[in-house]
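User: I am new to reading protein models and would like to go through this one step by step. Could we begin with the charged side chains and then turn to the nonpolar ones?

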Amino acid sequence: MTSEGIAGRSTPLAPREWALAVLLLVAFVPALAAMAEVWSRVEYQSHGFLVPLVSLWVALRERYGWRRLAVRPDRRGFAVLAAAGLVYVLGLGVGSPTAQGVALVAALAGGVLATRGGAWLRQLAFPLAYLLFMVPVPPAWITPLVLRLQLFVSAAAVWVLRAVGVDVVREGNVLVLPGGETLFVAEACSGVTSVITLAPLGVLLAYLSLRRPVPRALLVAAVVPLAMAGNLVRVVATVIASLHVGAAAASEGPPHELLGLLVYVVAVGLLILLAGALRRSEAPRARRA
């Protein structure tokens, strides 16, 4: 009697499944190495090291649900594996960590479908999809976004500073202070790092703490304004500090880095508080249901 079609208990991996897992691991070592190089080099991609661990934790957290799943291998999984292999080869050819990462996630999904079936793929849909957060975002997508965010944060900072009586002039993403000193709103202050690193946290909180689509969407959507507001506070605080200690002292060194970390921690805290508020808003509906 085979394990196929049996539900109600956890089914161990068959030899063919172990063989496929080992084959995928060996085949995608270059992809993992290419992504790890980006994670270690680019600040806003560094969360990639944690994403696989979080994905694995989420999958194992729901392992008791596996007992009710039947094992019905689906041959369509092999088509997904073939398509993933093609994308992977193309990604290797052009040296694209993004294509290689997407191919890896697609290959894992195809392997689950081919060896375990659609029910298992649906059960593991979130942890598999969450792995996409480890895939490096192409620089060609980020560079135009960084420039727009720099200009937005600079303009917003000037508006806030003038509202509190600080006469600041903006020249692109350079702020000219009353004394003639200048502050450059760099990439780190644009908000792109906060947006890209807060997004996985927002999605994870939405999945774990909320049940309904609308509250989940609201929580994920809140990532962008929270990240931008945090970096706006960072720029305004840096300008005010510059008026007292000078632009160089306020914008360089450990104090400035600590300010950035503090702003990020506050944004994370606000995201968690919002998740709690949205969860409480779901409770009355759950009781009526």
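User: How many salt bridges does the count come to?
Analyst: This is a predicted model, in which local features need pLDDT of at least 70 and side-chain atom pairs count only at pLDDT 80 or more, whereas totals for chains, interfaces and linings use all residues. Residues are numbered from 1 along each chain as its sequence is written, and side-chain values use heavy atoms, with hydrogens and water left out. A salt bridge is taken as a side-chain nitrogen of Lys or Arg within 4 Å of a carboxyl oxygen of Asp or Glu. By this rule, the number of salt bridges is 3.

User: Is Asp-74 buried or exposed?
Analyst: Asp-74 forms a salt bridge with Arg-76, with 2.6 Å between the closest N and O atoms. A residue is called buried under 20% relative accessible area, exposed over 50% and partly exposed in between, using a 1.4 Å probe and protein chains only. Arg-76, at 60%, counts as exposed. Because its relative accessible area is 16%, Asp-74 is buried.

User: How many residues apart are Glu-17 and Arg-116?
Analyst: The side chains of Glu-17 and Arg-116 meet in a salt bridge, at 2.6 Å from N to O, and both residues are buried. Glu-17 belongs to helix 1 (residues 15-27), while Arg-116 sits in the loop between helix 5 (97-115) and helix 6 (118-123), so that the pair links distant parts of the chain, and the separation is 99 residues.

User: How many residues does the largest nonpolar core have?
Analyst: A nonpolar core is a set of buried Ala, Val, Leu, Ile, Met, Phe, Trp, Tyr and Cys residues joined through side-chain atoms within 4.5 Å. Among the residues with the most contacts inside the largest one are Val-168, Leu-175 and Val-239. Helix 8 (139-163), helix 9 (192-209), helix 11 (223-245) and helix 13 (254-288) each supply at least two residues of this core. The number of residues in the largest nonpolar core is 39.

Conventions. Helices (H or I, at least four residues) and strands (E, at least two) are DSSP runs, numbered from the N terminus.
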